[in-house]
Amino acid sequence: MIQQAARDFAQNELLPGVIERDEKMQFPTEQVRMMGELGFMGMMVDPQYGGGGMDTISYVLAMEEISKVEASCSVVMSVNNSLVCWGLETFGTEEQKQKYLTPLAKGEIIGAFCLSEPEAGSDATSQTTTAIEKDDHYLINGTKNWITNGGTASVYLVIAQTNRELGHRGINAFIVEQSWEGVTVGAKENKLGIRASDTHSIMFSDVKVPKENRIGEDGFGFKFAMKTLSGGRIGIAAQALGIASGAYELALAYSKERKAFGKPIADHQAIQFKLADMSTEIEAARLLVHKSAWLKDQHKNYDLIGSMAKVFASETAMKTTVEAVQVHGGYGYVKEYHVERLMRDAKITQIYEGTSEIQRIVISRSILR
Ligand code: COS
């Protein structure tokens, strides 16, 4: 039922304007509001905090369907669910959950996760943003880059260095409101893909953050980021899977319609083999995504399989979308046929929430441990 609801929403509400939003870099404001109403913005959050109380399997099913049509929309959903809501529900205080998690889970407001910096993406321990303790508050200074939902979010989870001598054990995570003095939203990035999503740099200048807005114990910030990103990778793997399966479904349908040399191109072995490879890799990616979601639901360790799912699904998305454009020939290169957008959208899944190279580090460390 959840899969069907997400599929209907994507086909009826996302498909009609998706090309225009991509071209104009127009944030899907109305569509994100509807996702909140449908319960897609806080799917796994306990109903007592305004969430859907669903499992991770339900979440990845919905992510796949929405990503088949508009990855710019599913990234908003992924960041809000996997990073912001999960992070707050798992590690936040009761007051933080009442004040911030509840409106976030209902989709009344949107959240963002501020870890990356101009000089620290993969090397996440090298944080230059500082959070200096003063009496009853911290003062935050620094710049965060590539922040998804940067302009639309009301609430940021910000990772910053409090005590440099302690290295990653001196890093903290904070809840910061966009409206607070000293927070500046930089220009919107003009991106290759997921163009309708809202990516900004965020500057913090002497931003006064009350101590009760720190997440977890002093020095917990890096572990907070790592644990949260581990689950985030399942969401992005599901997004990549959706981009791949969306492109494959379009290529399959087109191959039955388009004729060349007197017959549908699906009757030519060159196209048949492409479809065979695409569907096989998508099925393998889906099994990894579902296994990682299932492990999370069983409260088992999902770091390894989540990274495997992310690297495999994102590389499948890239390969599949390139082939889907090829199957479409010249039509694949123009916007009306959707596959060129899916190809551009696929690329980011190999980069954000841990590049493919970072996933390979996590995987190899785990198997060699
Ligand atoms: N869960 C909990 N703790 C974790 C963890 C995880 N998944 N991964 C690492 N940690 C902990 C380690 O246990 C270690 O703590 P202790 O010193 O107390 O044992 C600490 O974090 C530092 O880990 P490590 O020494 O492995 O750090 P490295 O600098 O070698 O970096 C990687 C590890 C590369 C895996 C990490 O920096 C990373 O994931 N980088 C990518 C970040 C990212 O996704 N950026 C994209 C931004 S979001 S769009």
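**Notes on a predicted model**

1. Start with the pocket. The largest pocket has a volume of about 1600 Å³. Keep in mind that this is a predicted model. The lining of the largest pocket is made up of 47 residues. Nearest its centre lie Leu229, Arg233, Glu353, Gly354 and Ile358.

2. Which elements give two or more residues to this lining? They are H5, strand S3 (137-148), H7, H9, helix H10 (339-349) and helix H11 (356-368). H7 supplies the largest share, with seven residues.

3. Look again at Glu353, one of the residues nearest the pocket centre. Glu353 sits in the loop between H10 and H11. Its phi is positive, about 50 degrees, although Glu353 is not a glycine. Is Glu353 buried or exposed? Its relative accessibility is 12%, and the limit for buried is under 20%, so Glu353 counts as buried.

4. Asn149 is another residue to check. Asn149 is not a glycine either, yet its phi is positive, at about 70 degrees. Find Asn149 in the loop between S3 and S4. Asn149 has a relative accessible area of 0%, so it is buried.

5. Now follow helix H9. It runs over residues 303-328, which is 26 residues. From its first C-alpha to its last, H9 reaches 37 Å. That is close to the 38 Å expected at 1.5 Å a residue. After H9 comes Gly329, with a positive phi near 60 degrees.

6. Thr321 is found within H9. Its relative accessible area is 0%, so Thr321 is buried. What does Thr321 touch, leaving out residues up to four places away in sequence? The list is Ile243, Ala247, Leu342, Met343 and Ala346.

7. As background, residues three or four places apart in an α-helix point the same way, because the helix has 3.6 residues a turn.

8. Turn to the aromatic rings. How many aromatic pairs does the structure hold? There are eleven. In one of them, the rings of Phe91 and Phe224 have their centres 5.8 Å apart. Their planes stand at 75 degrees, and over 60 counts as edge-to-face, so this pair is edge-to-face.

9. The Phe91 and Phe224 pair links distant parts of the chain. Phe91 belongs to helix H5 (residues 71-91), and Phe224 to helix H7 (residues 221-257). The two residues are 133 residues apart. Phe224 has 0% relative accessibility, so it counts as buried.

10. A second pair to inspect is Tyr156 with Phe204. The ring centres of Tyr156 and Phe204 lie 6.3 Å apart. Their planes are at 85 degrees, so this pair is edge-to-face. Tyr156 is in strand S4 (residues 155-161), and Phe204 is in strand S7 (residues 199-210).

11. Finally, step back from single pairs. Which residues do ring pairs link into a cluster? They are Trp86, Phe91, Phe113, Phe220 and Phe224. Phe91 and Phe224, the edge-to-face pair described above, are among the members of this cluster.

Definitions and conventions: Residues numbered from 1 in each chain as written. Predicted model: local features only at pLDDT ≥ 70, side-chain atom pairs only at ≥ 80, totals over all residues. Heavy atoms only, no water. Helix = DSSP H or I, 4+ residues; strand = E, 2+ residues; numbered from the N terminus. Expected span 1.5 Å × (residues − 1). Phe/Tyr/Trp six-rings, centres within 6.5 Å; stacked < 30°, edge-to-face > 60°. Buried < 20%, exposed > 50% of the residue type's maximum accessible area, 1.4 Å probe, protein only. Contact = heavy atoms within 4.5 Å. 1 Å grid on protein atoms, 1.4 Å probe; cavity = no way out; pocket = protein on both sides within 12 Å on 5 of 7 lines; lining within 4 Å. Points joined across faces, edges and corners; volume = space filled by probe spheres on them.
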